[in-house]
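Here is a friendly tour of some side chains and how they pair up. Have the sequence and the 3D view open as you read.

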Amino acid sequence: SRARKVAMDLAGGFVAGCAAATANNPFDVVKTRQQVGAASAVSSHAVAQEFSGSRRSAVRWMADLVREEGVQALYKGYVAKVARLGPGSAIIFCIYEQVVQLF
């Protein structure tokens, strides 16, 4: 039935969004730390001073982060990301599937 198809599309989109958030979150945390480190060039930016001082690769940032704060640090902000990407991906996937069926 059509309702079942919509429900399956929503569920598939939600699972895909959660999987994407899970895979991407460690890289997003590292990117954010690097951006904060770049802000350290602004002398009045007190928080950024903690992350300043070296030019490291993303892999090095990740290794240092795990060593200093543990693996759980790679998933800071995870709940908020899943709360956004899960439902968002579900809606996008469902709408896409409905539009494709029109053609």
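What follows is a short report on charged pairs, cysteines, aromatic rings and one glutamine.

## Before you start

This is a predicted model, where local features need pLDDT of at least 70 and side-chain atom pairs count only at pLDDT 80 or more, while totals for chains, interfaces and linings use all residues. Residues are numbered from 1 along each chain as its sequence is written, and side-chain values use heavy atoms, with hydrogens and water left out.

## Salt bridges between helices

Side chains of opposite charge can pair when their charged atoms come close. Here, a salt bridge is a side-chain nitrogen of Lys or Arg within 4 Å of a carboxyl oxygen of Asp or Glu. The structure has eight of these salt bridges. One of them joins Glu-97 to Lys-5, with the closest N and O atoms 3.8 Å apart. That pair ties together distant parts of the chain: Glu-97 sits in helix H3 (residues 78–102) and Lys-5 in helix H1 (residues 2–38), 92 residues apart. Helices are DSSP runs (H or I, at least four residues), numbered from the N terminus. Lys-5 also belongs to a network of salt bridges with Asp-9 and Glu-97.

Next up is Asp-28, which forms a salt bridge with Lys-81, the closest N and O atoms being 3.2 Å apart. Again distant parts of the chain are linked, with Asp-28 in helix H1 and Lys-81 in helix H3, 53 residues apart. Then there's Arg-33, whose side chain meets that of Glu-69 in a salt bridge (3.0 Å, N to O). This pair links Arg-33 in helix H1 to Glu-69 in helix H2 (residues 58–69), 36 residues apart.

As for Lys-5, a relative accessible area of 31% makes it partly exposed.

## Cysteines and rings

A disulfide is a covalent bond between the sulfur atoms of two cysteines. The test used here is a pair of cysteine sulfur atoms within 2.5 Å, and the count comes to zero disulfides. Cys-18 is buried, with 17% relative accessibility, and Cys-94 is buried too, at 8%.

What about aromatic rings? Rings of Phe, Tyr and Trp (its six-membered ring) pair if their centres lie within 6.5 Å; planes under 30 degrees apart count as stacked, over 60 as edge-to-face and the rest as tilted. By this rule there is one aromatic pair. Tyr-75 and Tyr-78 have ring centres 5.7 Å apart and planes at 80°, so they meet edge-to-face. Tyr-75 is partly exposed at 32%, and Tyr-78 is partly exposed at 26%.

## A look at Gln-98

Which residues does Gln-98 touch, leaving aside its neighbours within four places in sequence? Counting contact as heavy atoms within 4.5 Å, they are Arg-2, Val-6 and Asp-9. Gln-98 lies in helix H3 and counts as buried at 17% relative accessibility.

The side chains of Gln-98 and Arg-2 are also joined by a polar contact of 3.1 Å. A polar contact is a pair of N or O atoms within 3.5 Å; within protein, one must be able to donate a hydrogen and the other to accept it, and residues adjacent in sequence count only if both atoms are side-chain atoms.

Terms used
Helices (H or I, at least four residues) and strands (E, at least two) are DSSP runs, numbered from the N terminus. Buried means under 20% relative accessible area, exposed over 50%, partly exposed in between (1.4 Å probe, protein chains only).
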